[in-house]
Amino acid sequence: MSNEQQTQTRIYKPSEEMVKNAAVSGMEAYLALCKEAEDDYEGFWARNARELIEWKKPFTQVLDESNAPFFKWFADGQLNVSYNCLDRNVNNGLGDKVAIIFEADNGEVTRVTYKDLLARVSRFANALRGMGVKKGDRVVIYLPMSIEGVVAMQACARIGATHSIVFGGFSAQALRDRINDAGAVALITSDGQHRGGKALPLKPIADEALSLGGCESIRNVIVVKRTGAQTAMEAGRDQWFHDVCANQSDTCEPEWVDAEHPLFLLYTSGSTGKPKGVQHSTGGYLLHAIMSMKYTFDIKPDDVFWCTADIGWVTGHTFITYGPLACGTTEIVFEGVPTYPDAGRFWKMIQDHKVTVFYTAPTAIRSLIKAADNNPDVHPKKYDLSSLRILGSVGEPINPAAWEWYHENVGGGRCPIVDTFWQTETGAHMITPMPGATPLVPGSCTLPFPGIQCAVVDETGTEVPNGQGGILVVKRPWPSMIRTIWGDPERFKKSYYPDDFKGKLYLAGDGAIRDKDTGYFTITGRIDDVLNVSGHRMGTMEIESALVAHEKVAEAAVVGRPDDLTGEAIVAFVVLKGARPSGEEAKAIIKELQNWVGHEIGPIAKPKDIRFGENLPKTRSGKIMRRLLRQLAKGEEITQDTSTLENPAILDQLGQPLS
Ligand code: PRX
């Protein structure tokens, strides 16, 4: 038995103290919640929705399945998310409590209380209203990690505008496509951003996006001053954030919206076509964001919570902007990167701010393991991490070796790790341990969140026995689920409620296997053409489209291959219009194509490895055999029958990496 296999079978039980104090106290409590939901599914969610949300108008309807799979939750209730995150806490005596501890790239710390955050949000919400932004309008936010990022999102929620965040690492083209698809009326950006000691421009990218055409719906551009870089401002369109907020009132009446009102769109990659605008609701989304904080993170009034995700991803939405604030939590917002000024940055920040609950991605852990191995000064053991009580992992499978290291060196062997499986589309946690209940097995996300009914099925939608791999599905609609794909309801149906499953099961797009004895889930990876690089979701088609848009490229196929650090790495097989290059020429074209993809989509989409062939392996009917490409990318020998291939000799050509 290898080390990896041995560690996989180890079970970590929660400590007695953790069980005693946790919101979900022991397995009996977890099972009781599951049973409550099983016995009365709607009653379970309705009880939580009544207890955890302050409604302007209480709901009387719970789940509406009349137009399945376009499900509705709490449809006749009215609320405001920003009110629930801010006013409610101020009204409950938490006005002077710190809501956000912002640590800048250079280490400067700013603390914002709930009262102050409410005033900032109100001022900006008033400013947006003053510009004519109203309920239902879409607002695109292209901002770095900042207090203003959270303020902008909350301000949109306050006036009922639907925000759509575009990650600051995306290109002008990607930003343009998202603005265009959403038909946004306003764009909020900044002059630049600080990362790893460097000041990087942002507004020029936004300007480029707007100049590409298709963004005519944008009436206002609001620019946060962050780096102080020389910034071109277009008269009549562009205004500084601080100018529009000046002289605004500190109070702003929230727009009360229906529970189904779209709180936000968030674009994510699918297996086909362009990125899709995942549409989330107001009431159901807020409910599950709060429940995930309470159950999975066992959040308590004295906790200092830190989710290291960027607000550009769903994790940053649910676990920076909404979940923690709705629970009246003190949270960290971090501008910088984990390796600046050195790879001890996370550990130093946990020590300085006495972080109690820490939530990050396996890729970050793996890179920090490597850094600590090379430099003992940045090893977590050098820091006082005794404030920590719960650790979280998200975005990709965590390999048992990284899990063990995280548990031992960061958690001091005493903090449970909640390996949370969920997606942009699910809004909040779907399969995850409860820290005071679930015995942990490294590498497994364990059991469904109370109320969530997951299963592993075959191609016909029939449940497979434990121990047999299959397709991960969710059997019943849940409150925080995706409502539709913006502007493309047919694609929503096809992607998530396919006919193969008679439109009854939500298709997550992942494979999974349940343990024979415990029933624990392990996610085995995407079953579609979606890659997960450093926890970032990328569609192979998007990268292929970017490649073939280059003048030298005739054809391209993109696959993933396992990577020790980033989980998966992007490998592109490219046929050029001219002759197949070799040597220095090939190296130069590889660089050129990598930069091209970086410019078209963003640096995260750059292929790590590019191979050139005179053709791609195709069947006689012209279909590219991706299975073979995946094997070639991994450097595996092709052992299977290739007689259906039209051009088997091509495999030798493509098997040789150059870069
Ligand atoms: O493949 C799964 C993986 O990330 C995908 C969702 O990506 P995204 O929508 O960008 O959301 C990421 C953050 C919630 C999933 O389909 N994934 C996410 N969490 C895990 C995971 N794979 C294994 N274990 C996890 N804990």
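Predicted model: local features only at pLDDT ≥ 70, side-chain atom pairs only at ≥ 80, totals over all residues.

Residues are numbered from 1 along each chain as its sequence is written, and side-chain values use heavy atoms, with hydrogens and water left out.

Q: Why is Trp 422 called buried?
A: Buried means under 20% relative accessible area, exposed over 50%, and partly exposed in between (1.4 Å probe, protein chains only). Trp 422 has 9%, so the residue counts as buried.

Q: Why does Gln 423 count as buried?
A: Its relative accessibility is 5%, therefore Gln 423 counts as buried.

Q: What makes the link between the side chains of Gln 423 and Tyr 506 a polar contact?
A: A polar contact is a pair of N or O atoms within 3.5 Å; within protein, one must be able to donate a hydrogen and the other to accept it, and residues adjacent in sequence count only if both atoms are side-chain atoms. The side chains of Gln 423 and Tyr 506 are joined at 2.8 Å, and those of Trp 422 and Tyr 359 at 3.1 Å.

Q: What is the largest nonpolar core made of?
A: A nonpolar core is a set of buried Ala, Val, Leu, Ile, Met, Phe, Trp, Tyr and Cys residues joined through side-chain atoms within 4.5 Å. The largest has 123 residues, and Trp 45, Phe 74 and Phe 124 have the most contacts inside it.
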